[in-house]
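Here is a set of questions and answers for someone meeting this structure for the first time. Please have the sequence and the model at hand while reading.

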Amino acid sequence: MELGAFVVVPGGKDFTTIHEVQPHITAGFENPRQLVCSRMPIVGNDVLQSWMDRIRKLGVQSLWLTSGRGDGTVTRSELAGFARQGIERLLVIKLNSYAEMDLADLVRFHCESRNPVTEAHDAQGQMGISLLDHLALRASEEKNQLSAATPDSGQIPYQFSGYAKRILAARERQELVGDALTGACAMRPFGKQMGEQVWIGEGVKLDSSVRILGPTYIGARSRIRAGATLGPFASVERDCVVDCGTTVERSTVLPRTYLAPGLLIRDAVVDGGYLEHLVWGTVADLHPAGLGSRIPRRNSRRQSSCEVPTEGFPPADSVPAWGFASSSGASQPWLQVQL
Amino acid sequence: MIILPFPCLSNAAVRRALRKELLSALRGSGSPVIVDLSGCPPLNHEDIELLLECMAQVAGRDTQVLFVAGSRVNRVLLEVTRIPSLVPVFNSVQEALAYPKATVETDAKDQSASQAQRLWSA
């Protein structure tokens with residue numbers, strides 16, 4: 001039975017690249033949108049890449065990648081188009097979680113339970129991972145619109161008890177960072193281990209006075225200036241600058257972020273000029289106070305290279321030669337990725 | 001007890017006037033001073049510079065200065081700039097008034113209170 005795979009990357013048109021969030025934040029934003037999105041690296045790792053590796057192990061040759069609609073949903077009729085192409089079983093993954101799931105076990109469960117739709121659940125509920133038979137897709141093609149991972153009621157869910165984290169929730173994402181740094185999950189920081197729970201990527205520039213308290217990760221080409229303190233539980237992703245005397249603690253600094261001198265970044269995720277406080281859930285704009293900003297890309301060559309889809313698949317320094325084919329005539333923009 | 005509002009500063013002239021008012025109030029006060037940012041939109045770098053000036057003004061003196069963030073965003077920005085490690089920061093004026101050192105002198109400073117009233121209405 002031919003198995004196809006469909007990955008929905010919520011929240012962005014350009015779903016093939018790492019997101020750089022430009023939140024529309026105005027004054028008085030006590031409960032703004034979250035900063036993090038699913039394509040942001042986690043200690044140098046791309047969660048999409050991890051799902052692609054798992055899908056490849058199923059023997060699937062290619063997958064379809066889409067951003068879905070604004071809320072990351074696709075319609076069942078859109079998925080049914082794949083059934084018409086001869087795919088008899090469709091694995092749909094909404095990229096909102098990192099899970100160390102054996103997809104072969106999910107397929108086995110699906111076959112044994114004879115569900116037309118099998119949804120993966122964990123202790124928190126739906127994980128956004130489902131397996132659909134073509135009959136199920138076609139039967140409801142015309143009537144139901146569903147979340148890419150929403151099952152019909154009455155189906156027996158696949159109960160997953162392994163490691164999983166929702167990566168769209170900033171706090172849980174930071175927990176994943178901590179687990180990756182301490183070896184509590186299978187994800188490993190993408191860099192060279194330099195000491196007890198300290199990983200450093202290629203081309204990092206560290207002033208000799210920088211203090212690093214593990215567990216901590218510093219991504220490729222980041223620059224940490226004099227007197228800065230990183231850690232514990234800090235992740236500074238690639239191409240960042242942490243200026244003199246700034247402390248980053250229990251926090252993540254997302255790629256190409258500049259942090260001004262003398263700051264205290266604690267329990268936060270910072271993306272360019274925006275900071276989300278992990279405890280309060282508040283997003284603050286750092287620009288007016290001159291505390292942080294987005295670092296422009298270095299040159300035009302890099303700019304153009306970043307615009308092609310493959311740039312979005314980190315580890316960014318070793319871009320694999322993914323093959324992409326654009327959709328034509330589909331209601332959703334999607335890409336086919338050769339695994 | 002003096003409560004000094006820190007309003008939205010629309011232009012340089014207003015900012016200069018507020019700076020003068022704040023610093024002179026801090027200089028002339030022997031009682032705790034609450035700088036209330038409730039009326040202030042998210043702080044910008046000029047606001048933070050002015051707050052630092054306020055802190056410098058009372059440094060080494062008996063005058064105690066307290067900040068009221070007024071919003072979570074301002075609270076976050078103050079935390080990021082490490083100001084709470086030097087000056088107590090509260091979410092509301094009520095919390096600041098309940099702060100022990102501030103309340104000790106409240107009753108004895110009627111004159112300061114009336115001054116605060118003037119500043120509130122300004």
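**Aromatic pairs, a helix, a sheet and cysteines**

A:Phe109 counts as partly exposed, at 23% relative accessibility. The model is a predicted one, and the questions below start from this residue.

Q: In which helix is A:Phe109 found?
A: A:Phe109 is partly exposed, with a relative accessibility of 23%. Leaving out residues up to four places away in sequence, A:Phe109 touches A:Asn115, A:Thr118, A:Ile156, A:Pro157 and A:Tyr158. The element of chain A that holds A:Phe109 spans residues 103–113 and is helix 3.

Q: How are the rings of A:Phe109 and A:Tyr158 arranged?
A: The two residues are 49 residues apart along the chain, yet their C-alpha atoms are separated by 7.0 Å. The pair links distant parts of the chain, with A:Phe109 in helix 3 of chain A and A:Tyr158 in strand 9 of chain A. The ring centres of A:Phe109 and A:Tyr158 are 5.4 Å apart and the planes stand at 65 degrees, so the pair is edge-to-face.

Q: Is A:Tyr158 buried or exposed?
A: A residue counts as buried when its relative accessible area is under 20%. For A:Tyr158 that area is 6%, so A:Tyr158 is buried.

Q: How many aromatic pairs does the structure hold over all chains?
A: One of them joins A:Tyr98 and A:Tyr163, whose ring centres are 6.1 Å apart with planes at 70 degrees, so this pair is edge-to-face. A:Tyr98 lies in strand 5 of chain A and A:Tyr163 in the loop between strand 9 and strand 10 of chain A, so the pair ties together parts that are 65 residues apart in sequence. A:Tyr98 is buried at 3% relative accessibility, and A:Tyr163 is buried with a relative accessible area of 16%. Over all chains, the number of aromatic pairs is three.

Q: Which strands of chain A do the buried residues of helix 3 of chain B pack against?
A: Helix 3 of chain B covers residues 72–80, and seven of its nine residues are buried, so it is largely enclosed by the rest of the structure. Among the buried residues are B:Val73, B:Leu77 and B:Val80. Within chain B they pack against helix 2 and strand 4, while in chain A their partners are strand 23, strand 25 and strand 26.

Q: Which residue is the bridge partner of A:Thr247 in strand 23 of chain A?
A: In chain A, four strands form an open sheet in the order 14-17-20-23, with parallel pairing. Strand 14 and strand 23 are its edge strands, each pairing on one side only. Strand 20 of chain A, residues 247–249, pairs with strand 23 in the parallel sense over three bridges. For A:Thr247, the bridge partner in strand 23 is A:Leu264.

Q: How many disulfides are counted over all chains?
A: The cut-off for a pair of cysteine sulfur atoms is within 2.5 Å. By this rule, the count of disulfides over all chains is zero.

Conventions:
Residues numbered from 1 in each chain as written. Chains lettered and ligands numbered in written order. Predicted model: local features only at pLDDT ≥ 70, side-chain atom pairs only at ≥ 80, totals over all residues. Heavy atoms only, no water. Helix = DSSP H or I, 4+ residues; strand = E, 2+ residues; numbered from the N terminus. Buried < 20%, exposed > 50% of the residue type's maximum accessible area, 1.4 Å probe, protein only. Contact = heavy atoms within 4.5 Å. Pairing = 2+ DSSP bridges. Phe/Tyr/Trp six-rings, centres within 6.5 Å; stacked < 30°, edge-to-face > 60°.
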